[in-house]
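The sequence and the structure come first, and the description follows.

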Amino acid sequence: MAKILGIDLGTTNSAIAVMEGGEPRVLENAEGNRTTPSIVAINKSGERLVGLLAKRQSVVNPKNTIFSVKRLIGRKFSDSEIERDKNWLPYDIQASMQGGVEVKMANRSYKPEEISAMVLQKLKLDAEAKLGERIEEAVITVPAYFDDSERQATKNAGEIAGFKVRRILNEPTAAALAYGLNKEKNEKIVVYDFGGGTFDISILEVGDDTVEVKATGGDTHLGGDDFDKRIIEYLVAEYKKNEGVDISKDPLALQRLREAAERAKHELSTAIETEINLPYITSDSSGPKHFLMKLTRAKLEDLVRDYIERSIMLVRDTVTAPSPKGAGLKLSDIDEIVLVGGQTRMPFIQEEVKKLFNKEPHKGINPDEVVAIGAAVQAGILQGDVKDILLLDVTPLTLSIETLGGVATSMIPKNTTVPTAKTQIFSTAADSQTSVEIHVGQGERPMMADNKTLARFILDGIPPAPRGIPQIEVVFDIDANGILKVSALDKASGKTQSVRIEASTSLSKEEIEKLKKEAAEHADEDQKKKDAIEAKNQAESLVYVAEKSLREAGDKVPAEIKDAINQKISRLKEVKDGNDAEVIKTATSELSQEIQKIGESLYKNKGDEPKQPEPNNN
Amino acid sequence: MNEEPKEENKEIVNDEQKLDDDLKEKLIRCEKDRDEYLEGWKRAKADFINYKKEETKRFEELIKFGTAELIQELAAILDSFDFSLTVLKNDEPARKGIFLIKSQFEDFLKKHGFSRIVVSKGDKFNPVLHEAVGEIESEEPEGVILEEVSRGYRLYDKVLKPSRVMVSKIKGQSQIKE
């Protein structure tokens, strides 16, 4: 089954996403960018350009470069909006035979849906190239205020581009879907969408499996581009005031300033202050001139305050005004707020929205991509309707096995997708140990005693051997239903034991949260405890090795070395049961250095031994 | 009364028939389920293999282009060096030193995949490499580059920033609608 493409067909930029392994993923276009300008052009050689390339030549080919066609799609030529847009859009707009709108590009007339289709076709080709498979179906988003004719025209655009359009989805609904808000029952959601060129507000109500648009509002000619213009105007004016030079007349200087201003705007979303430093920006009779100016977040906020206040006023109206102008609700009726559009990264906007509703807005997903992601989520739901036999679960908590000193050794970490299996080899902790206890637990704490026990069983009949020699293979296997099977096998004797645990993932949500919270609360002290136990384990194993080496070396090692080692062994034995990992580690390392002397003295002795007589071949 | 045994027989036959039908139906359902599961399993496996390949590619890209933002910011500093060199006179003692620092800096960037987009007056405008920021009336053929306003660069084969240029326009011709 081929994938369904989620498409945010924007006024300024478009974005695409698909579901992959149950998660939405934004796809990059052929130029390696995550958004594509919704622009189409025919250049002087008659070549059609779409996206970034069309944008790059728009200044020198304004009559044959079509942008913002979303403002025209599905409209009548007589609409008042068309009357208004006609005046500022640089390309020719005319009435079609049926009273609709047509745009002219390279002496040919096109319907707006044909232009949108060219953008969609590029997106389709780029997605196919990225995924390496054909894409036939799409979910395309439109503003909530689009009427039937505008929706139908958008659907036609999709079909001209070669898609079977599975759904025309409202942009705010897509944003809510991206945040999973469709699952909440009877909630009222405000979507605040501040894009590059348009500002949209939508009030949604989530019911049983439906998302109803209660009201829409906004300003179709207010956007982030207005902010950029304000910043540049301010910088130019300040420079003129301080240096007496008007750089707005110098295209080179203005271009550099434009790039720097955009960067500064982005930086001020995370920094309080930024510096615009453009050496040699221009020159006058006195010589070269530089541009060095600090821009603070507060100044930026001042510059665009009226725009933001206006947007907040529009939100208030759309929520509270009686129907049909608004949703007729109180501000306190709103349960969730979703921020969409690149401009909402500005902390001032986030604060003002928060202040209005007295609620934290959702803003975790990239606001430029949230609509495309929501479209992909809808595509995923549609794909699921057809055939979704595989809904994979994850393990909510870590599954572990108890090892020496009561440590919980993780076998399957939390959030691992099931079905899965994990195998690890363990060994014995004492000489001639003939049985091991397999203690299976669940939880995030490093010590098994603090976690929940799921099962215990004994594997016996292990042939006696020194510690560390037997190989016990332990397998944790969880099937798709969350049933955990733990088995232990002694590789030498072939003896095996196993247990089946039915309820390994059946903890209630509260229980899981409680266990996770406990783990977080005790993280520090647990870590210390675990470190001490690990140090102790290491110490014990070194004491074992040291004693064994001394025994085996017998008289070959001088008495003073033996004494020194025995002293270090006693010291380590003394401290190893304490709680201070550092002290144990120091004593361990001292012993470890000391026992190297056994080897040294053995080699020395070997060197002193009389040489064997050479065999005489004669 | 004669009818009775016949009825019974019929019922037995009917029961057997029903059992047969039930089993057949169950078999069909099981076969359908099996095909569906097998299909799902194959698909999941293929998805995973494709995902792994895609992930490897993505990882390579990440290593190659992970420095893009840093290189872009450093390139802006390189531009500033260029500006200073165009302004400083040739006999200025500091000029040579600045030139050498600039070369050292540019060589370092080149080692990390950076290259400049070279633009000369008279080159044909190409939106893959250039972005037009304005037009100037001139005697030159229409659509050729007259001036580079801000320099463009690539990281390996990817255009990080197009070269921003002014393009020629035939005298007296305006594209903006009246």
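## Domains of chain B

Chain B is split into domain 1 (1–65), domain 2 (67–113) and domain 3 (117–173); such bounds come from an automatic or database domain assignment. The centres of domain 1 of chain B and domain 2 of chain B, taken over C-alpha atoms, are 68 Å apart.

## Basis of the model

This is a predicted model, in which local features need pLDDT of at least 70 and side-chain atom pairs count only at pLDDT 80 or more, while totals for chains, interfaces and linings use all residues. Residues are numbered from 1 along each chain as its sequence is written, chains are lettered from A and ligands numbered from 1 in the order in which they are written.

## Chain A

Chain A contains 14 helices and 26 strands. These are DSSP runs, numbered from the N terminus: helices are H or I with at least four residues, strands are E with at least two.

Along the principal axes, the C-alpha atoms of chain A fill a box of roughly 110 × 70 × 70 Å. Of the 618 residues in chain A, 39% are buried (20 or more other C-beta atoms within 10 Å of the residue's own, with C-beta atoms placed from the backbone).

## Where the chains touch

The contact involves 23 residues from chain A and 30 residues from chain B. Two residues are in contact if their C-beta atoms, placed from the backbone, lie within 7 Å. On the side of chain A that touches chain B, the elements giving two or more residues are helix H1 (52–56), helix H7 (251–267) and strand S16 (273–284) of chain A. H7(A) gives the most, with 4 residues.

Terms used
Buried ≥ 20, exposed ≤ 12 C-beta atoms within 10 Å, placed from the backbone.
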